[in-house]
Amino acid sequence: MRRRTEILVLLICLVIVTTSFASTVTYDHRAIVIDGKRRVLISGSIHYPRSTPEMWPDLIQKSKDGGLDVIETYVFWNLHEPVRNQYNFEGRNDLVKFVKLVAEAGLYVHLRIGPYVCAEWNYGGFPLWLHFIPGIKFRTDNEPFKAEMQRFTAKIVEMMKQEKLYASQGGPIILSQIENEYGNIDSAYGAAAKPYIKWAAGMAISLDTGVPWVMCQQSDAPDPIINTCNGFYCDQFTPNSNKKPKMWTENWSGCCFPVSNFYQFLITSRHIPNARFLSFGGTVPYRPVEDLAFAVARFFQRGGTFQNYYMYHGGTNFDRTTGGPFIATSYDYDAPIDEYGQVRQPKWGHLRDVHKAIKLCEEALIATDPKISSLGPNLEAAVYKTGSGGCSAFLANIDTKSDATVNFNGNSYHLPAWSVSILPDCKNVALNTAKVNSMSVIRSFMHESLNTNADSTDSIGSGWSWINEPVGISKASAFNKLGLLEQINTTADKSDYLWYSLSMNIKGDEPFLQDGSQTVLHVESLGHGLHAFINGKLA
């Protein structure tokens, strides 16, 4: 009898785990609505192929511990279909396993199918064979392209449905994305852009996932697609319909400035160049947590209810997955969880505290739109009130240099420059974004010594290989051509490299070399390798 009781308890627990996610997901003008209740959602991007399956559970748990509700990921077409109609969902490509692990942790998923993803990924995620389909033109009103895009998108949706991973089936996926930042470049496609976007939206909706679809950076996203914001700051963003919520799909966690320059830059501009990721010869990405926290708090202050960090864990560009221009192997992104899966302090800890403070305001945030008022030059208050008398407030100082003291509801508050104070009860400050708790973190690494007595290179670090390549053109397949070549057409993506060889004879038709006045060779990019020879000698 006792044994039967234990089995019954176990079965009940299993049912609770597998049915813990909502069955209905909709939206209104304030928020994503799950099972009839508006939600304030904090999200973070983790790209499953940029880490190993062994890392996934720990990364997801650290995300949950950091206060996230949602994990956001792209789907990478060229990984999953490297050859047309031949699929790979094994190892780092195991999308289903990744989504299920997120579900097991009790978090939601935003699945950004694209299938163009950019993501500083090789060919933007497009498989190479797509390039060679006769008559194809990418991301426009082109029938060959649309047929392939629909086929792959439907393939991914059907996989998720078969595993019952959409929220409408009791799974964790509450959102999906079609296309990616098309609004940034749609003018290049002229009149064909608008019908393509309309088609893409209709195609996505027809797949009947039971959850909302979004388009990021797409101000003309057709209803019912939600248009969302990407950028360093999205507090001023407004969706294209008063029936859609204010959502931020990419809050870039890394940037391109050292501490000493960052705030000075903010004085003159709130637009930051796209140096968010490491490129060869480029600046290591860095964004102060004070600024990142300020941006998050301002977004919720000004009516936002869904915010995603891009990236929360950046990871590594394994193999030849890195894209251009000259993106390095590391995709660390100065994210709250670093490339190796360690929490980055104080960024991770301070953002966790910001999330806690915002969650204390959730009932007020979802109840109504904010009432925004000025407290003085560059000073602003936003107040949210519930029908039952609850109240939450955000006090912001958007001056980049000067602290301020403000009076609000009869009380005095000190606001450091470029900061937001969060008052869950409209009286007591739960957190100010500029005040970071000092933290120390001890990292532990496992050291393994190499076998120095090994007789072969194979035993010194298994899996590594190298090629001793001669300088210059050394293959019989070399050929002459006027001008530079289109690389994909030339290499079929079998290599990232082409050797170009150019020689100039001062006795010939290059008079500018003869007097020695114009012999400086200037190479702008640090992503290239170059060897210069004079009279056959390496210079």
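Helix α2 passes helix α4 in a right-handed crossing: the near helix is turned clockwise from the far one by less than a right angle. This is a predicted model, where local features need pLDDT of at least 70, side-chain atom pairs count only at pLDDT 80 or more, and totals for chains, interfaces and linings use all residues. Residues are numbered from 1 along each chain as its sequence is written, and side-chain values use heavy atoms, without hydrogens and water.

Helices here are DSSP runs of H or I with at least four residues, and strands are runs of E with at least two, numbered from the N terminus. Two packed helices are described by the angle between their axes and the distance between the axes. For α2 (residues 56-65) and α4 (residues 95-104), the angle is about 40° and the axes lie 10 Å apart. That makes α2 oblique to α4. Oblique covers what is left after under 35 degrees (roughly parallel), over 145 (roughly antiparallel) and 65 to 115 (roughly perpendicular). Axes are lines fitted to C-alpha atoms, for helices over the stretch in contact, and angles run from 0 to 180 degrees between N-to-C directions.

Trp56, Pro57 and Ile60 of α2 meet Lys97, Phe98, Leu101 and Val102 of α4. Contact means heavy atoms within 4.5 Å.

Now the barrel. Eight strands close in the order β4-β5-β6-β7-β8-β9-β10-β11, with parallel pairing. Strands pair if DSSP finds at least two bridges between them. The twist averages 30° from one strand to the next. Three bridges join β4 (residues 41-46) to β5 (residues 70-74). Gly44 stands opposite Ile71 in β5.

| Helix | Strands | Angle to β6 |
|---|---|---|
| α4 | β4, β5, β6, β7 | about 155° |
| α6 (residues 143-162) | β6, β7, β8 | about 160° |
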